[in-house]
Amino acid sequence: MDSKSKLFERIERLYDVGLIGQAKVLVAGCGSGGSQVALQLAMSGIRNFSLYDNQTLGEENVIRHACGLRYVGWNKTEALLDLLRDRNPEIKAEIHNEDLMETVDLDDRVRDASVVILATDNEPSRFRLNEACVRTGTPFVVGKVFTRGIGGEVFAYRPKEGGCLGCLEMLLERSKFRDKVREIDLVSQEERDAMYGLPVAEIKDSPGLNVDIAFITNFHTRFALDAIARRLPERPRNMEPIPGNYVAWGNRPVHPFDKHFQIEKMSLPPLDACKICQEENGDDV
Ligand SMILES: [Zn+2]
């Protein structure tokens with residue numbers, strides 16, 4: 001970085017920005033979640049990104065996306081890169097306007113990253129990335145916002161240490177955090193069309209406010225910085241390791257949460273019953 005740059009002057013004494021900034025972050029999904037996490041990471045000193053998204057920014061996205069009205073009609077990837085460079089002109093990024101479900105050499109793309117920000121809006125692509133990350137031993141952090149922004153969850157995959165998304169789903173299926181709880185984008189295609197197109201009363205207000213999503217993207221960013229720090233030869237100062245790998249956050253007292261600003265944490269190990277983790281272990285032997 002230009003030694004004369006004052007960009008990170010105010011956080012230089014907090015941690016080694018040059019060290020953290022070398023990390024390469026793959027952002028899978030540049031929507032409301034991915035864009036906010038990427039912006040936070042850029043403001044934390046991260047300079048290398050690969051941005052994946054195959055959609056363009058619509059006017060209806062603007063109240064929840066990091067990018068504003070002047071980017072309507074842009075590819076979300078290019079809009080986001082332009083925004084990131086407004087914070088740090090030295091940011092380098094690969095742009096991929098593609099559907100991650102159709103990416104052929106996904107393992108190689110993932111292997112190249114220090115951490116994957118898993119912020120796609122559907123389960124199949126999340127699980128495809130989960131498997132690629134487990135196979136290649138690449139950390140990822142996934143964030144989800146529950147219906148109407150009542151809260152959400154963030155999970156960090158730590159290779160060789162913690163469970164994967166398959167393990168998490170297996171565990172959560174039996175918990176109150178999956179009972180009658182729907183993620184904003186977990187509804188059927190029919191409902192999604194209705195949600196974004198026609199005024200269907202119950203579903204119309206399903207997406208949360210940006211303020212509610214921001215609680216989740218902030219946890220998401222913190223876990224991503226933690227994942228980057230874990231891969232450095234020396235732990236950066238003022239960045240103590242986050243002990244657990246899962247956080248569920250409640251914004252308000254709506255099932256499954258009982259109160260405002262409720263937090264539930266846990267540490268999830270690889271589960272014996274998880275085929276994805278077991279396959280990977282088998283390959284190692
Ligand atoms: Zn697993």
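Predicted model: local features only at pLDDT ≥ 70, side-chain atom pairs only at ≥ 80, totals over all residues.

**Exercise 1. Get an overview: how many helices and strands does the protein have, and what share of its residues is buried?**

Start with the elements: you'll find 10 helices and 8 strands. Next, look at burial: 43% of the 285 residues count as buried. Finally, check the contacts with a separation of 6 or more: 68% of them come from residues 24 or more positions apart.

**Exercise 2. Work out how helix H2 and helix H3 are arranged: roughly parallel or roughly antiparallel?**

First, some background: two packed helices are described by the angle between their axes and the distance between the axes. For H2 (residues 32–43) and H3 (residues 76–87), the angle is about 25° and the axes are 9 Å apart. Angles under 35 degrees count as roughly parallel, and H2 and H3 are therefore roughly parallel to each other. Their crossing is right-handed.

Now find who touches whom. On the H2 side there are Ser35, Ala38, Leu39, Ala42 and Met43, and they meet Leu80, Leu83, Leu84 and Arg87 of H3. Sorted by class, this contact has 7 nonpolar, 1 polar and 1 charged residues.

**Exercise 3. Take a closer look at H3: does its length agree or disagree with what its residues should span, and what do its buried residues pack against?**

Begin with the length. The 12 residues of H3 should span 16 Å at 1.5 Å a residue, and the end C-alpha atoms are 17 Å apart, which agrees.

Then pick out the buried residues of H3: Lys76, Thr77, Ala79, Leu80, Leu81, Leu83 and Leu84. As for partners, the buried residues of H3 pack against H2, strand E2 (48–52) and strand E3 (92–96).

Technical notes. Residues numbered from 1 in each chain as written. Axes fitted to C-alpha atoms, helices over the stretch in contact; angles between N-to-C directions. Helix = DSSP H or I, 4+ residues; strand = E, 2+ residues; numbered from the N terminus. Parallel < 35°, antiparallel > 145°, perpendicular 65-115°, else oblique. Left-handed = near helix turned anticlockwise from the far one by under 90°. Contact = placed C-beta atoms within 7 Å. Nonpolar A, V, L, I, M, F, W, Y, C, P; charged D, E, K, R; others polar. Buried ≥ 20, exposed ≤ 12 C-beta atoms within 10 Å, placed from the backbone. Expected span 1.5 Å × (residues − 1).
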